[in-house]
Amino acid sequence: MPHSNRPAAAPPNTGNLIDGAWRQSELSFTVHDKYTGLPCAEVAQASAAQVAEAVRAARAAVDAGAPPPYDRARTLRRAAQLLDSHRQRLVDTMVAEAGFTLADANGEIDRASITLELSAEEGVRLTGDMIPFAASPGAHQRLGFTQRFPVGVVCAITPFNSPLNTVLHKVAPAYAAGNAVILKPSAYTPLTGALLGELLLEAGMPPGFLAILQGDGDTVGTALLAEQDIDFYTFTGSTRVGRIIQQAAGLRRTQMELGSIASTLVCADADLDRAIPRIANAALRKAGQVCTSVQRLYVERPILQAVTERLVEHARGLQAGDPRDPATRVGPLISEAAAIRAESWLRAAEAAGARLLCGGRRERAVIQPAVLTDVAETQQLWCQEAFAPLLSIRPFDAFEAALDSANGTPYGLSAGVFTRDLERAMLAGRRLRFGTVQINETSSARSDVMPFGGVKDSGFGKEGPAHAIREMTEERLLVFNP
C-alpha cells in the first residue's frame, strides 16, 4: 500500500466514560489489529466500583429529567453530522479493530447516520393511543388515552461485527425516548464505541445520559447484570449469553437479538442476474460475520448447476486479505482463533463427504471465501452458526420440504426466497418461522427503518428506531371520568 501523507487522526479515548469524564483503572486489556495481529491500543477495564458509579450517575440523570424531545432530536442529528466529519477516524478505527474493509467501514458509517436521523425523527413523534370507551356500556363519556415514558436506565451490550451501527440502534432510540444509556461495547472493538461516545458528547448529549464501560462479559458484563438499578437490557450476541442476561434480568424488560443460522432459497423461476450477486455479497461480506449471513443456500434442482457455477465465479473474484487495500472485499475474521475454528469445521465437513468448490485456505485470521456442496446435516458447518465466509449449497425438489429444512434449526432470525411465483412467496411468508422473510432478496437484506428481530432461540423484541423506542418506553393510561 502506498504511504498516506494525511496527518494521523487522534486515537479514540481508551478510558471509561462516567458522568462526562474519561476514567482510567488499575486493569487494562489489549486491542489487536485484526489483520496484522499486532497490538493497537491498551484499554482500561472498568472496575466494579466504576460500574456502580456509572449506574448511580445514570439514575441521577434520569431522576433529574431528560432534555425535551426536540433537544434530544437536535443532539442526534448533530451526531449524524459529526460522524461524517470524523469519517476517516472512524474508518481507521474500524479497519484496525474490527478488520472491516474500507467499503464495509464506510457503509457502516453511512448506515449509522441514517439510524441517528431516524431516531431523532421518531423521538419527536412518540405518541400513545385513544381508548374507545364507547365500546363498554355506560362508559361512553369517559376520555382515555395512553402516553409513553422512558423506562429509565438502559444497559446496551453490543457485538464486534457492527461496532457503530448496531451500537446506535440501541443508544440512539434509548436516548430519543429520554433514557440514560450505559454502553458496554465488545472487548474486541472497544475503540469505535469510545469514539462514538466522544462524538455524542460533542453533539450535546448530557454527560449523565451516556456511560461507556469497557471490558469483557465475564467481568464488566457480570457486574452490570448485578446492578438492580438498571431498568432495561438490550443485547446483541450469542444465545448462550442471552440466556444468562435474561435470567439475571428477572422481571425487568429486555430486548435480545441472538444466534442465527440464516437460509435463502432460490427457485427455478428466480431472476439469477438479481439473485447471484446478492447471495454472494450476503454470504461473504464482513467475512461472513453477520447474524443474517447466508449460511444455507437451497437451490431448486433444475438451476443447481448454473447457480453453483456462478456463485463459485463470484467467490473466486473476491479478493481476501488486507482490509486497508481498496481492492479487498473480504477481510479477516475477528481473531485467528475464530478463523481456526471455522477452518476446522470446513475440514470436518470435507472429511464427512462435503465437496469444497473454491476457497477455504486460511492465512492467520483471513479465510478465502468458500463454497461447498454435499455438507452433511450432522456437520457443524450446517447445523451451527458458522460466522465465517463459508456458504453451503443444497438442492431441493419439493419447495415445502426446503421450507421445513430451513425451519429445522433452533433459530429464526431472517430468511430469503427468490421466486416470481406469488403462491410460493405467500407460502414462504406463512411457513417460514423467522422474524423477517425477504422475497426476492437474501436473508441478509436490512433497511435500518424496518423492525428487526427474531423468534425462537434468535431472541425477541425489535430493533429499528420506531420500534426500539417503543420497546424502551412504558405505556401509561390516563382516564378522565365524568
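## The seven-stranded sheet

Two strands count as paired here if DSSP finds at least two bridges between them. In this predicted model, that rule gives an open sheet of seven strands, ordered E13-E16-E17-E12-E11-E19-E20, with mixed pairing. The edges belong to E13 (355-358) and E20 (436-439); each has a single partner strand, so one side of each is left without a neighbour in the sheet. On average, and ignoring direction, neighbouring strands in this sheet are turned by 25 degrees against each other.

For a closer look at one pairing, take E16 (residues 370-373) and E17 (residues 390-396): they run parallel and are joined by four bridges. Val-371 has Leu-391 in E17 as its bridge partner.

## Helices on the sheet

## Salt bridges

Side chains of opposite charge can pair when their charged atoms come close. The count for this model comes to 30 salt bridges. Asp-71 is partly exposed, with a relative accessible area of 27%.

Glu-300 and Arg-424 make another salt bridge, and their closest N and O atoms are 2.9 Å apart. Glu-300 belongs to E12 and Arg-424 to H14 (residues 422-431), so this pair ties together parts that are 124 residues apart in sequence. Glu-300 is buried, at 11% relative accessibility, because the cut-off for buried is under 20%. Then there is Arg-362 with Glu-336, a salt bridge of 3.3 Å, N to O. This one links distant parts of the chain, with Arg-362 in E14 (residues 362-363) and Glu-336 in H11, 26 residues apart. Both ends are partly exposed: Arg-362 has a relative accessible area of 25%, and Glu-336 has 39%. Elsewhere, salt bridges that share partners join Arg-77, Glu-117, Glu-121, Glu-122 and Arg-125 into one network.

## Positive phi angles

Most residues other than glycine have a negative phi. Asp-19 isn't a glycine, yet its phi is positive, at about 55 degrees. You'll find Asp-19 in the loop between E1 (16-18) and E2 (21-23), where it is partly exposed at 47% relative accessibility.

Lys-456 is not a glycine either, and has a positive phi of about 55 degrees. Lys-456 is in a strand, E21 (residues 455-456), and counts as partly exposed at 27% relative accessibility.

## A nonpolar surface patch

Met-130, Leu-143, Leu-478 and Phe-480 make up a nonpolar patch of about 380 Å². Phe-480 is part of E23 (residues 473-480) and is partly exposed, with a relative accessible area of 46%.

Notes:
Residues numbered from 1 in each chain as written. Predicted model: local features only at pLDDT ≥ 70, side-chain atom pairs only at ≥ 80, totals over all residues. Heavy atoms only, no water. Helix = DSSP H or I, 4+ residues; strand = E, 2+ residues; numbered from the N terminus. Axes fitted to C-alpha atoms, helices over the stretch in contact; angles between N-to-C directions. Patch = residues over 30% accessible without salt bridge, like charges linked within 9 Å, V, L, I, M, F, W, Y side chains within 5 Å. Areas by Shrake-Rupley, 256 points an atom, 1.4 Å probe, with all protein chains shown as cover. Salt bridge = Lys/Arg side-chain N within 4 Å of Asp/Glu carboxyl O. Buried < 20%, exposed > 50% of the residue type's maximum accessible area, 1.4 Å probe, protein only.
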